[in-house]
Amino acid sequence: MYHVKEAFYTLQGEGGQAGRASVFCRFTGCNLWSGRESDRASAACTFCDTDFLGTDGQNGGRFADAASLAEHLTALWPAQDGPSVRGATPYVVFTGGEPLLQLDEALIQAMHEQGFEVAVETNGTLPAPAGIDWLCVSPKGATALAITAGNELKLVYPQSEAPPARFASLDFEHFFLQPMDTGAGGRPAPPANDAIAVATTDTMAASVAYCLAHPQWRLSLQTHKITGID
Ligand SMILES: C[S@@+](CC[C@H](N)C(=O)[O-])C[C@H]1O[C@@H](n2cnc3c(N)ncnc32)[C@H](O)[C@@H]1O
Ligand SMILES: Nc1nc2[nH]cc(C(=O)O)c2c(=O)[nH]1
Ligand code: SF4
Ligand SMILES: [Mg+2]
């Protein structure tokens, strides 16, 4: 049984695939935070910008097997254009919560059979199933990584217990710093048009300065918040 908070069609907002049309599948639950505000300060991950509790979001629910969830997600991809127009490869992003608590090879295979490339956004503390096409690892605080290779390492910055230098020698194709959205941190997430102001203050300046001083790292902005798309 898969528990899905929400699923929606949008543009990938972050990292090396930013701007790409994507079906997002947000699984319920995380191993680094209960999702309750009363537990945030004592959690292993304290700055989460996401509600991942329950199955009550748009297109959320409980799915008995890989085939039924794959069919549900495929229905969110738009009808392809006619034969004279170059089609895009359908793309699904599994996130959460922590997707590696639920994502398995059967679901990856079912999405491949539907013609999708499969991307994952993970905190990197749990092993990944085989078959993922684009793996993004985003380390959290003092937690130990179970995954030390992938397509992109996307570090929310700054985190006192997770300096970029700790990850700079790992086996990733791309290294991104993403300014921490401090509208989280125990307060409700800011409305989309507020996020621009938040993102352009101190965490943005610190991220820019780090990338300028350490060119291995590139800046990743949360463009879905800037555009207000989701
Ligand atoms: C909500 S997490 C879900 C996936 C997975 N649990 C993880 O942490 O990577 C999705 C992405 O949002 C990032 N993120 C979470 N809270 C953030 C914040 N306050 N500011 C910037 N990025 C944030 C995470 O680091 C991760 O890359
Ligand atoms: N548009 C959009 N892009 C995203 N990239 C990673 C996200 C996530 O929450 O995992 C996310 C998200 O929530 N929305
Ligand atoms: S950012 Fe990821 S790891 Fe941290 S609490 Fe949110 S879902 Fe969990
Ligand atoms: Mg998000």
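User: What percentage of the 230 residues in the protein chain is made up of buried residues?
Analyst: This is a predicted model, in which local features need pLDDT of at least 70 and side-chain atom pairs count only at pLDDT 80 or more, while totals for chains, interfaces and linings use all residues. Residues are numbered from 1 along each chain as its sequence is written, and chains are lettered from A and ligands numbered from 1 in the order in which they are written. A residue is called buried if 20 or more other C-beta atoms lie within 10 Å of its own, exposed if 12 or fewer do, and partly exposed in between, with C-beta atoms placed from the backbone. Counted in this way, the buried share of the 230 residues in the protein chain is 35%.

User: What is the mean pLDDT of the protein chain?
Analyst: For the complex, the predictor gives an ipTM of 0.99 and a pTM of 0.94. The pLDDT is the predictor's confidence in each residue, on a scale from 0 to 100. In the protein chain 90% of the residues reach 70 or more, and the mean pLDDT is 93.

User: In the protein chain, what percentage of the contacts with a separation of 6 or more is between residues 24 or more positions apart?
Analyst: Two residues are in contact if their C-beta atoms, placed from the backbone, lie within 7 Å. Among the contacts with a separation of 6 or more, the share that joins residues 24 or more positions apart is 55%.

User: Which residues are the closest to ligand 1?
Analyst: A residue is near a molecule or strand if its C-beta atom, placed from the backbone, lies within 6 Å of it. Strand S5 (117-122) and S7 are the elements that give two or more residues to the shell around ligand 1. By class this shell has six nonpolar residues (Ala, Val, Leu, Ile, Met, Phe, Trp, Tyr, Cys and Pro), five charged (Asp, Glu, Lys and Arg) and eight polar (the others, Gly among them). In total 19 residues surround ligand 1, and the closest are Asp49, Thr50, Asn123, Ser138 and Asp181.

User: How many charged residues does the shell around ligand 2 have?
Analyst: The residues around ligand 2 include Thr10, Glu14, Glu121, His224 and Asp230. Two nonpolar and six polar residues belong to this shell, and the number of charged ones is three.

User: Which cysteines does UniProt list for "binding site" in the annotation that includes Cys30?
Analyst: UniProt positions are given here in the numbering used for this structure, feature names are shortened, and annotations may be inferred rather than shown by experiment. Cys45 lies in the loop between strand S2 (21-27) and strand S3 (61-63), and Cys48 is found in the loop between S2 and S3 as well. The residues around ligand 3 include Cys30, Cys45 and Cys48. In the UniProt record (unreviewed entry), the listed residues are Cys30, Cys45 and Cys48.

User: Is Cys45 buried or exposed?
Analyst: Leaving aside neighbours within four places in sequence, Cys45 is in contact with Leu32, Trp33, Asn123, Lys140 and Gly141. Because Cys45 has 20 C-beta neighbours inside 10 Å, this residue counts as buried.

User: Where does Gly97 lie?
Analyst: Gly97 is buried, since 27 other C-beta atoms lie within 10 Å. Not counting residues up to four places away in sequence, Gly97 touches Lys5, Arg26, Phe27, Thr28, Gly29, Cys30 and Phe52. Its place in the chain is the loop between strand S4 (91-95) and helix H2 (105-113).

User: How far apart in space are Gln159 and Met180, C-alpha to C-alpha?
Analyst: Gln159 sits in the loop between S7 and strand S8 (171-179), and this residue is partly exposed because 17 other C-beta atoms lie within 10 Å. Gln159 and Met180 are 21 residues apart in sequence, while their C-alpha to C-alpha distance is 8.5 Å.

Technical notes
Helix = DSSP H or I, 4+ residues; strand = E, 2+ residues; numbered from the N terminus.
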